[in-house]
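The report below describes a single protein model, taking its sheets, aromatic contacts, charged contacts and pocket in turn.

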Amino acid sequence: MSPDDRKYTQEHEWAKLEDTDARLVLVGITEFAQDELGDIVYFDLPAAGTEVVHMEKMGEVESVKAVSDLFSPVTGKIEAVNEELVNHPELVNDDPFGNGWIMKVTISDLSELDGLMTSTEYDEYVGGN
């Protein structure tokens with residue numbers, strides 16, 4: 001089951017509100033996504049300072065099976081990108097909800113999170129229940 005402390009997209013990204021006052025959101029891909037992709041070998045990610053837009057392309061992930069687009073679950077400014085993924089993209093396979101996070105974003109509008117799926121809804125969406 002997907003952690004219930006975050007919200008999910010139909011494209012298999014997650015968003016976790018880390019700091020309400022700072023509007024800081026941690027973003028990554030789900031266990032389901034990394035499992036479907038197989039062994040991840042490369043990420044093409046935007047730099048810190050870049051603006052991302054809700055459900056628009058924010059980068060790509062390459063695995064031994066395919067190259068897939070990544071979509072931002074929120075609109076805002078990227079504060080940090082997980083630099084560990086450059087040399088160790090397999091972190092996402094090992095720990096997609098922890099050390100495999102992709103970026104931290106200052107979200108423009110917190111209510112945007114309300115439009116994403118809960119963990120229960122996401123697990124039902126991917127057939128987990």
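L17 has V25 in β3 as its bridge partner. This contact belongs to the antiparallel pairing of β2 with strand β3 (residues 24-29), which extends over 6 bridges; two strands are taken to pair if DSSP finds at least two bridges between them, and the elements themselves are DSSP runs numbered from the N terminus, with helices (H or I) of at least four residues and strands (E) of at least two. The model is a predicted one, in which local features need pLDDT of at least 70 and side-chain atom pairs count only at pLDDT 80 or more, whereas totals for chains, interfaces and linings use all residues. Residues are numbered from 1 along each chain as its sequence is written, and side-chain values use heavy atoms, with hydrogens and water left out.

The two strands are part of an open sheet of 6 strands, arranged in the order β1-β2-β3-β9-β8-β5 with antiparallel pairing. At its edges stand β1 and β5 (51-52), each of which has a single partner strand, so that one side of each is left without a neighbour in the sheet.

## Strands β4, β6 and β7

Strand β4 (residues 40-44) pairs with β6 in the antiparallel sense, over 4 bridges, and within this pairing D44 is placed opposite E60 in β6. Strand β6 also runs antiparallel to β7, to which it is joined by 5 bridges; here E62 stands opposite V67 in β7. Together, β6 and β7 make a hairpin, with 3 residues between them.

## Aromatic contacts

A search of the whole structure finds 4 aromatic pairs, where the rings of Phe, Tyr and Trp (its six-membered ring) pair if their centres lie within 6.5 Å, and where planes under 30 degrees apart count as stacked, over 60 as edge-to-face and the rest as tilted. One of these is the edge-to-face pair of Y8 and F97, at 6.4 Å centre to centre and with 85 degrees between the planes. Because Y8 lies in strand β1 (residues 7-8) and F97 in the loop between α3 (91-94) and β9 (103-107), the pair ties together parts that are 89 residues apart in sequence. Y8 has a relative accessibility of 1% and counts as buried, and F97 is likewise buried, with a relative accessible area of 17% (buried means under 20% relative accessible area, exposed over 50%, and partly exposed in between, for a 1.4 Å probe and protein chains only).

F97 also meets W14, and since the ring centres are 6.1 Å apart and the planes stand at 40 degrees, this pair is tilted. W14 lies in strand β2 (residues 13-19) and F97 in the loop between α3 and β9, so this pair ties together parts that are 83 residues apart in sequence.

## Charged side chains

Charges are also placed over aromatic rings, a term used if NZ of Lys or CZ of Arg is within 6 Å of the ring centre and within 35 degrees of the ring normal. R6 lies over the face of W14, at 4.4 Å from the ring centre, while the charged end of K104 sits over the ring of W101, 5.3 Å from its centre.

The count of salt bridges comes to 5, each being a side-chain nitrogen of Lys or Arg within 4 Å of a carboxyl oxygen of Asp or Glu. Among them is the bridge between D5 and K16 (3.4 Å, N to O), which links distant parts of the chain, with D5 in the segment before β1 and K16 in strand β2, 11 residues apart. D5 counts as partly exposed at 38% relative accessibility, and D5, R6, K16 and E18 are linked in a network of salt bridges. K57, which is partly exposed with a relative accessible area of 47%, forms a salt bridge with E60 (2.9 Å, N to O) and another with D69, where the closest N and O atoms are 3.2 Å apart. The pair of D69 and K57 joins strand β7 (residues 67-71) to strand β6 (residues 57-63) across 12 residues.

## The largest pocket

The largest pocket has a volume of about 150 Å³. Of the 13 residues that line this pocket, E11, H12, A33, L37 and S68 are the closest to its centre, and the elements that give two or more residues to the lining are α1 (31-37) and β7. On a 1 Å grid over the protein atoms alone, a pocket is an open set of points where a 1.4 Å probe fits, with protein on both sides within 12 Å along at least five of seven lines, and lining residues have an atom within 4 Å of a point. Grid points are joined across faces, edges and corners, and a volume is the space filled by probe spheres set on the points.
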